[in-house]
Amino acid sequence: MANNIIYSKEAPAPIGPYSQAVQAGNTLFISGQIALDADTGELINENITEETHAVMKNLDAILSAAGYGFGDVVKCSIFIKDMDDFGTINEAYGQYFPSNPPARETVEVSRLPKNVQVEISCIAVKA
């Protein structure tokens, strides 16, 4: 089975030696996304709600480029700098999964790329 590299101009280009996403069969693995604006390269981080929505927008762009949607997501990993932001991030994140949310973990970390507050990766599967 050949892997298919997925790239969307609507999401920020990778800032290292990795792909935005890799499709292996009917499974899509999306690399961690942060709140970078795809057009300007600027961070969208006025507050944690805005930052979380920007991350989800980037995930959506990559999912769409591969022909997937949030309904196909089976697993997310959320990395945050401050567990005190957990509730606010949950509120924004939850808007993208109104029913049957995917499995996930949320982990507090000491530092994230470009000193952002939140990074999210996901795995999606087409039946």
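Predicted model: local features only at pLDDT ≥ 70, side-chain atom pairs only at ≥ 80, totals over all residues.
Local features were taken at pLDDT of at least 70 and side-chain atom pairs at pLDDT 80 or more, while totals for chains, interfaces and linings use all residues. Residues are numbered from 1 along each chain as its sequence is written, and side-chain values use heavy atoms, with hydrogens and water left out.

Helices (H or I, at least four residues) and strands (E, at least two) are DSSP runs, numbered from the N terminus. Six strands make up an open sheet with mixed pairing, in the order β1-β2-β3-β6-β4-β5; two strands pair if DSSP finds at least two bridges between them. Because β1 and β5 each have a single partner strand, they stand at the edges, and one side of each has no neighbour in the sheet. From one strand to the next, the twist averages 15°. Within the sheet, β3 (residues 27-33) and β6 (residues 118-125) pair in the antiparallel sense over five bridges, and Ile30 stands opposite Cys122 in β6. Helix α2 lies across β4, β5 and β6 and runs at about 150° to β4. Here, contact means heavy atoms within 4.5 Å, and axes are lines fitted to C-alpha atoms, for helices over the stretch in contact, with angles from 0 to 180 degrees between N-to-C directions.

Next come the aromatic rings. Rings of Phe, Tyr and Trp (its six-membered ring) pair if their centres lie within 6.5 Å; planes under 30 degrees apart count as stacked, over 60 as edge-to-face and the rest as tilted. The structure holds three such pairs. Phe70 and Tyr96 form a tilted pair, 5.3 Å centre to centre with 55° between the planes. Phe70 is buried at 14% relative accessible area, whereas Tyr96 is partly exposed at 23%; buried means under 20%, exposed over 50% and partly exposed in between (1.4 Å probe, protein chains only). Phe70 and Phe97 form an edge-to-face pair, with 5.3 Å between centres and 85° between planes. Phe70 lies in the loop between α1 and β4 and Phe97 in the loop between α2 and β5, so this pair ties together parts 27 residues apart in sequence. Phe97 is buried too, at 7%. Together, Phe70, Tyr93, Tyr96 and Phe97 form one aromatic cluster.

Charged side chains also meet rings. The charged end of Arg104 sits over the ring of Tyr93, 4.8 Å from its centre, and Lys126 lies over the face of Tyr68, at 5.4 Å from the ring centre. The criterion is NZ of Lys or CZ of Arg within 6 Å of the ring centre and within 35 degrees of the ring normal.
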